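Here are my notes for you, written as numbered points. Keep the viewer open while you read, and look each spot up as we get to it.

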Amino acid sequence: MKKLLIFVFLLSFVRSYGQTPQINLIPQPVLLKQNEGSYQLTNETTVGFNNPLCGNVAAMLAGKLNTSTGFAIQSMQGKPGSIEFDLNKVAVEKLGKEGYTLVSTSKGVTITANDPAGLFYGMQTLLQLLPKEIESRSTVNMSWVVPAVEITDYPRFGWRGIMLDVSRNFFTKEEVKKYIDEISRYKFNTLHWHLTDDNGWRIEIKSLPKLTEVGAWRVPRYGQFGQRAEPKQGEAATVGGFYTQADIKEVIKYAAERNVTIVPEVDVPGHSMAAIAAYPEISCTKDPNTKVNPGSNFSEWYGNGKFKMLTDNTLNPSDDKVYDFLDKVFTEVAALFPNQYIHVGGDECYKGFWEKDPGCQALMKKMNMKQPEELQAYFMKRVEGILKAKGKKLIGWDEILEGGIAPEATVMSWRGIKGGIEAAKLGHYVVMTPTTFAYIDYQQGEQTIEPLLYAGLRMSKCYSYEPIPEGVDAKYILGGQGNLWTEQISSFTHAEYMTWPRGWALSEVFWSPKESKNWDNFVQKVEKNFDRADIEGINHAVAIYDAIIAVNKKDGKSIITLSSEVPGLDIYYTVDGSMPSTYSQKYVNSFELPEGPVTLRVVTYRSGKTIGHLITLRPEDLKKR
Ligand code: TNX
């Protein structure tokens, strides 16, 4: 009996003191020191705060903890809580608006910040310090331990964004809220909401009701975007949706409670087919048969950024009535969104219809313009004037540099980083969102098994991103953003799949100090966050476990090199068409593919269990590489 008691005593000692739980915070904090010991949540735990402005975050935490622990933790002002949220009476300069400190000991947890935004991020860090089961939506019976730490943390960049395209695929208000919730966990503070495009107009404009009556709906189509059938004469447009202004307000409020600000985008003068379907008179061609596009092929791409629109999706820059139209739109948009910015698009605007339009030609002549790009610059300058009159700033895609940038415009650099560099050198602010590092609509793994898209971007590439280009004054780089375009995304779970884990990589790029980057450590944290996301019900890709197959042609032979993003996986392969397993050839070094119509199959294992997807490259796939 005595021996048993000693054993039990020792066991409890080991449990409370012996373990140093592994800490897997994403994004990595600026300073993190782990101490001996831990704090354990109990039914006696309380959440306290020193200022009514902390009430929201304190209540949010208590609610979250109670859901999974089953405790009845209360939040209250005045009495010090075992978890305490305090606003600094004197601001600590280096913490800024979004920084915080978090200190946990065996007695409790104290989070301090200058501003409620910092407390919100301190809370997110605390949740990530707790066992993953804290994310459960039902009660779990276990011990809830917070390791003892001292954290000082603040962001590297003020603009940490994700763009969600709700035009190509409509997401409901509830889905958008869930998305905001998910990005805010990883300390993103900006949702760029791409509300209009050729495939749907998603925001109610009361003075222009047809924008949503007509523009929010398209005919039902499935399959690859860009290859779908055109709308048929008289076919009912039944697919789509839009947000009422009440919905928009609700989403803005929900986001604000999570320190997320929303930048609305109304994409003009190109990408406007949905608006033109509603009001054909705003285009040059004024075709009354214009329909909201369901993903048919209406453009031709010639490489090198050159393209042609087969259907007119551009506004007419020479028509004053177009600016009246835009004034109405932006009056309502400006009144809804508190953010200082309105994104006005400006990307991929085809000038071919302008070149044939007498009004545009007359304007060019009158203004002594040489290039049609100058028409776009003229258009953007007038749009900037409209926004300015409503107290808003203009932000647009990097094409707004062409033909002369509007005087106070901010540039979103997407066609690589060159637009960002050019804009910053001209003294304009920049948000970096290059396709090469930040396009999370691209495929994230092996192209033959990932959902179809025209380009790829692995998590490791996202993680390697350095947003400040060499030779550029850092003060012009507001931050960066991952962009989720949704041509090929038709469900919310797929949107999540594309966002995570690459969004975690970007979160660390935009928040954490450059010096703290550590790939091996990051991958471990990602794996732990997979478990957390699974408990929470957030879909995510696992493509980082799949083999990377490189085919190099040398003297007419194909040399195969295999690797994986997650280090240390075992890779097995076959070249005889059989299913690879641990009984097959284990990959050690690059090898020569036997000649002939060979099929290569590859799969990854860890500790004797399959972990990656099976990849099969048939002779025709291999030939293309
Ligand atoms: C380019 S990025 C676009 C989008 C597409 C995206 C697909 C940008 C400003 N324009 O309209 O959805 O590529 O990857």
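Predicted model: local features only at pLDDT ≥ 70, side-chain atom pairs only at ≥ 80, totals over all residues.

1. Let's begin with the overall build. The chain has 18 helices and 29 strands. How does the radius of gyration fit with a compact globule? For 625 residues, such a globule would come out near 25 Å, and the chain has 27 Å, which agrees.

2. Of the 625 residues, 56% count as buried. The chain exposes about 26600 Å², and carbon and sulfur atoms supply 53% of that area. As for charges, there are 70 positive and 72 negative ones, and their mean positions are 2 Å apart.

3. Contacts also tell you how the chain folds back on itself. Take the contacts between residues at least 6 apart in sequence: 71% of them join residues at least 24 apart. Keep that in mind for the residue pairs further down.

4. Strand β27 deserves a careful look. It covers residues 600–606, and six of its seven residues are buried, so the strand is largely enclosed by the rest of the structure. Which strands does β27 pair with? One is β24 (residues 570–574), antiparallel over five bridges; here T574 has R601 of β27 as its bridge partner. Another is β29 (residues 615–617), also antiparallel, over three bridges, with V602 standing opposite I615 of β29.

5. Strand β28 (residues 609–610) runs antiparallel to β27, and two bridges join them. Y605 stands opposite T610 in β28. The two strands form a hairpin with two residues between them, and S607 in that turn has a positive phi of about 50°. While you have the strands on screen, look at which way the side chains point: in a regular strand they alternate between the two faces of the sheet.

6. Next, a helix. How many of the ten residues of α16 are buried? Ten of ten, so this helix (residues 502–511) is mostly covered. The buried set includes the charged residues R502 and E508, along with W504, F510 and W511.

7. Leaving aside neighbours within four places in sequence, Q245 is in contact with E204, I205, K206, E332 and L336.

8. A275 gives you another buried case. This residue lies in helix α7 (residues 273–278) and counts as buried at 3% relative accessibility. Not counting residues up to four places away in sequence, A275 touches W201, L211, I282 and F325. Between A275 and W201 there are 74 places in sequence, yet their C-alpha atoms are 6.7 Å apart.

9. Check the backbone at two prolines. The peptide bond from I26 to P27 is cis, with omega near -5°, and P27 is found in the loop between α1 (2–18) and β1 (31–40). V268 and P269 are also joined by a cis peptide bond, with omega about -5°. P269 lies in the loop between β14 (261–268) and α7.

10. N304 has a phi of about 60° and is found in the loop between β15 (299–301) and β16 (307–309). E348 has a phi near 45° and lies in the loop between β17 (341–345) and α9 (352–355). Is N304 buried or exposed? N304 is exposed, with a relative accessible area of 80%. E348 is buried, because its relative accessible area is 18% and the cut-off is under 20%.

Conventions
Residues numbered from 1 in each chain as written. Heavy atoms only, no water. Helix = DSSP H or I, 4+ residues; strand = E, 2+ residues; numbered from the N terminus. Rg over C-alpha atoms; globule rule 2.2 N^0.38 Å. Buried < 20%, exposed > 50% of the residue type's maximum accessible area, 1.4 Å probe, protein only. Contact = heavy atoms within 4.5 Å. Areas by Shrake-Rupley, 256 points an atom, 1.4 Å probe, with all protein chains shown as cover. Charge placed at Lys NZ, Arg CZ, Asp CG, Glu CD. Pairing = 2+ DSSP bridges.
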